[in-house]
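Subject: Structure handover and notes

Hello,

I am passing this structure on to you, with notes on what turned up in it. Please look it over before reading further.

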Amino acid sequence: IPLEVRASHEDEAGTMIEEEMTMENTKVVRGIAFEDKITRITIHWDKKENMRVSKVFTTLAEHNIDVDIIIQGITGLGHGNLSFTIKTKALLETLAVLEEHQETLQYAKLESEQNLAKVSIVGSGMVSNPASQPTCLKR
């Protein structure tokens, strides 16, 4: 069904939204975004029951620290970990905040890996393509 999007207070033509163009289906990649100076922080817990994932992100948000790619894991031994990326310029502040709240967050160990870059590939044909996921690359 064609749809016209336009301003309600003006009597001018708007933008028509119609059926999908075949051109979109033929190009898997429509754009690439790159960001460097990225750091990955990993928080380790000895027991998955001690993981305080929501408290980690609440604490970081209270200190205006932006996080990006988030990965949570649990090992076969029952240990838990949480990794996320930040801009490298926020590393010292982020570590200080996490260390200050270590007792509340109940983690066993912190690790960080610097000199990473993030590459994101965008395209309508990427829905079923695993390469569409953001990736951290070591520089």
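Which residues does Asn50 touch, not counting residues up to four places away in sequence? They are Trp45, Leu105 and Gln106, where touching is a contact, meaning heavy atoms within 4.5 Å. I come back to Asn50 below.

First, the ground rules. This is a predicted model, in which local features need pLDDT of at least 70 and side-chain atom pairs count only at pLDDT 80 or more, while totals for chains, interfaces and linings use all residues. Residues are numbered from 1 along each chain as its sequence is written, and side-chain values use heavy atoms, with hydrogens and water left out.

Overall layout

The protein chain has four helices and seven strands, in the order β-β-α-β-α-β-β-α-α-β-β along the sequence. Helices (H or I, at least four residues) and strands (E, at least two) are DSSP runs, numbered from the N terminus. Of the 139 residues, 27% count as buried; buried means under 20% relative accessible area, exposed means over 50%, and partly exposed lies in between (1.4 Å probe, protein chains only). Among contacts with a separation of 6 or more, 64% are made by residues 24 or more positions apart. The accessible surface comes to about 9700 Å², and 52% of that belongs to carbon and sulfur atoms. These areas come from the Shrake-Rupley method with a 1.4 Å probe, and for residues only the protein chains shown count as cover.

Helix 2 spans residues 53–62, and its buried residues are Val53, Val56, Thr59 and Leu60. Seen down the helix axis, these residues fall within an arc of 130°, so they line one face of helix 2. The arc is that of the directions from the helix axis to the C-beta atoms. An α-helix has 3.6 residues a turn, so residues three or four places apart point the same way. Ser54 and Glu62, on the other side of helix 2, are exposed. The buried residues of helix 2 pack against strand 3 (31–45), strand 4 (70–74), strand 5 (80–87), helix 3 (91–100) and helix 4 (102–105).

Helix 3 can be described in a similar way. Its buried residues are Leu91, Thr94, Leu95, Val97 and Leu98. They cover an arc of only 160° around the axis, so they sit on the same side of helix 3. Leu92, Glu99 and Glu100 are exposed on the other side. The packing partners of the buried residues of helix 3 are strand 3, helix 2, strand 5, helix 4 and strand 6.

The aromatic pair

How many aromatic pairs does a search of the whole structure find? It finds one. The ring centres of Phe57 and Phe84 are 5.8 Å apart and their planes are at 65°, so the pair is edge-to-face. Rings of Phe, Tyr and Trp (its six-membered ring) pair if their centres lie within 6.5 Å; planes under 30 degrees apart count as stacked, over 60 as edge-to-face and the rest as tilted. Phe57 belongs to helix 2 and Phe84 to strand 5, so the pair ties together parts that are 27 residues apart in sequence. Phe84 has 0% relative accessibility and therefore counts as buried.

Asn50 is in the loop between strand 3 and helix 2 and is partly exposed, at 25% relative accessible area. Its C-alpha atom is separated by 6.2 Å from that of Gln106, 56 residues away along the chain. Gln106 lies in the loop between helix 4 and strand 6 (109–122) and, at 34% relative accessibility, counts as partly exposed.

Most residues other than glycine have a negative phi, and most peptide bonds are trans. Gln106 is not a glycine, yet has a positive phi of about 55°. In Asn115 phi is positive and near 60°; Asn115 is found in strand 6 and is exposed, with a relative accessible area of 53%.

The start of the chain

Leu3 is in strand 1 (residues 3–5) and is partly exposed, at 47% relative accessibility. Gly14, in the loop between strand 1 and strand 2 (15–17), is partly exposed at 30%. Gly14 touches Glu4, Val5 and Arg6, leaving aside residues up to four places away in sequence.

Regards
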